[in-house]
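Look through the sequence and the model, then read on.

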Amino acid sequence: MSVLQTALTIGIGAVAVALPLCGWRLLRGPTIADRVLALDTLYLSLVALVVLLGLRWQTTLLFEAALIVALLGFVGTVALARYLSRGDVVE
Amino acid sequence: MDTLNPIVEWLAAACVLIGAFFLLVGAIGMVRLPDFYMRLHAPTKASTLGVGGVLAASLLIGWAQGRFAVAELLITLFVFVTAPVSANLLAQAALHLRLPSRASPPEGLEPHQSTE
């Protein structure tokens with residue numbers, strides 16, 4: 001197994017450990033802002049995981065999927081944060 | 001992927017390891033830190049650097065294989081632009097909700113309050 005394959009395996013393992021930690025904060029978060037922050041971090045970690053899996057499986061199809069996940073994560077975070085601060089998403 | 005230059009391969013492996021390490025540190029910081037504002041501090045910076053490292057490895061491999069990696073470049077730019085914006089909006093929401101902070105007030109701001 002080459003150096004890159006070993007590094008990709010370790011990286012996928014690390015991100016797979018990071019995802020349940022974000023999920024724990026998403027479920028346990030004492031305030032609603034903590035949950036939104038955990039969701040944002042979960043989206044970012046998911047982008048990294050999709051890119052790592054795309055490198056591992058040697059396909060370029062997953063990079064567009066990662067782009068869509070990043071877009072959805074940003075829009076969702078902005079909508080939730082504006083709902084928390086203004087009480088309304090779109091005036 | 002077995003036709004890669006060894007230097008490119010080692011660089012990409014280092015970028016992957018650095019990115020995964022920072023993602024893990026950000027997640028651990030978000031679980032361990034005691035306060036929302038500290039928790040906002042940990043994953044926004046660390047996760048940005050982590051995703052940046054992973055995408056840098058992807059860009060390196062893409063360029064070494066001779067294809068111009070448009071999607072990776074777009075994700076990198078998008079993440080680096082939007083992560084501070086979403087963190088700023090979350091901080092505004094937290095200030096609006098008046099979440100408690102464990103940080104002491106700045107020096108000289110409230111002179112009548114006894115320092116702990």
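Which residues in H2(A) meet which residues in H2(B)? The answer follows after a short note on the model.

## Model and confidence

This is a predicted model: local features need pLDDT of at least 70, side-chain atom pairs count only at pLDDT 80 or more, and totals for chains, interfaces and linings use all residues. Residues are numbered from 1 along each chain as its sequence is written, while chains are lettered from A and ligands numbered from 1 in the order in which they are written.

The predictor gives the complex an ipTM of 0.86 and a pTM of 0.86. Chain B has a mean pLDDT (the predictor's confidence in each residue, from 0 to 100) of 84. In chain B, 90% of the residues reach 70 or more. Among the elements of chain B, helix H1 (residues 6-32) has the highest mean pLDDT, 91. Helix H2 (residues 36-64) of chain B has the lowest, 88. Helices here are DSSP runs (H or I, at least four residues), numbered from the N terminus.

## H2 against H2

Residues count as in contact if their C-beta atoms, placed from the backbone, lie within 7 Å. On the side of H2(A), the residues that meet H2(B) are Ala33(A), Asp34(A), Leu37(A), Thr41(A), Leu44(A), Ser45(A), Val47(A), Ala48(A), Val51(A), Leu52(A) and Leu55(A). Their partners in H2(B) are Phe36(B), Arg39(B), Leu40(B), Pro43(B), Ser47(B), Gly50(B), Val51(B), Val54(B), Leu55(B), Ser58(B) and Ile61(B). By class, this contact of H2(A) with H2(B) has 15 nonpolar, five polar and two charged residues. Nonpolar means Ala, Val, Leu, Ile, Met, Phe, Trp, Tyr, Cys and Pro; charged means Asp, Glu, Lys and Arg; the others, Gly among them, are polar.

The axes of H2(A) (residues 32-57) and H2(B) come within 10 Å and cross at roughly 15°. Axes are lines fitted to C-alpha atoms, for helices over the stretch in contact, and angles run from 0 to 180 degrees between N-to-C directions. H2(A) is therefore roughly parallel to H2(B); that term covers angles under 35 degrees, and roughly antiparallel covers those over 145. The crossing is left-handed: the near helix is turned anticlockwise from the far one by less than a right angle.

## H1 and its neighbours

H1(A) and H1(B) pack at about 15°, with axes 8 Å apart. That makes H1(A) roughly parallel to H1(B). Their contact divides into 25 nonpolar, two polar and two charged residues.

Within chain A, the axes of H1(A) and H2(A) come within 9 Å and cross at roughly 160°. H1(A) and H2(A) are therefore roughly antiparallel.

## The whole interface

Chain A gives 43 residues to the contact and chain B gives 44. On chain A, helix H1 (3-28), H2 and helix H3 (61-86) each give two or more residues. The side of chain A that touches chain B has 30 nonpolar, eight polar and five charged residues.

Terms used: Angles under 35 degrees count as roughly parallel, over 145 as roughly antiparallel, 65 to 115 as roughly perpendicular and the rest as oblique. Two residues are in contact if their C-beta atoms, placed from the backbone, lie within 7 Å.
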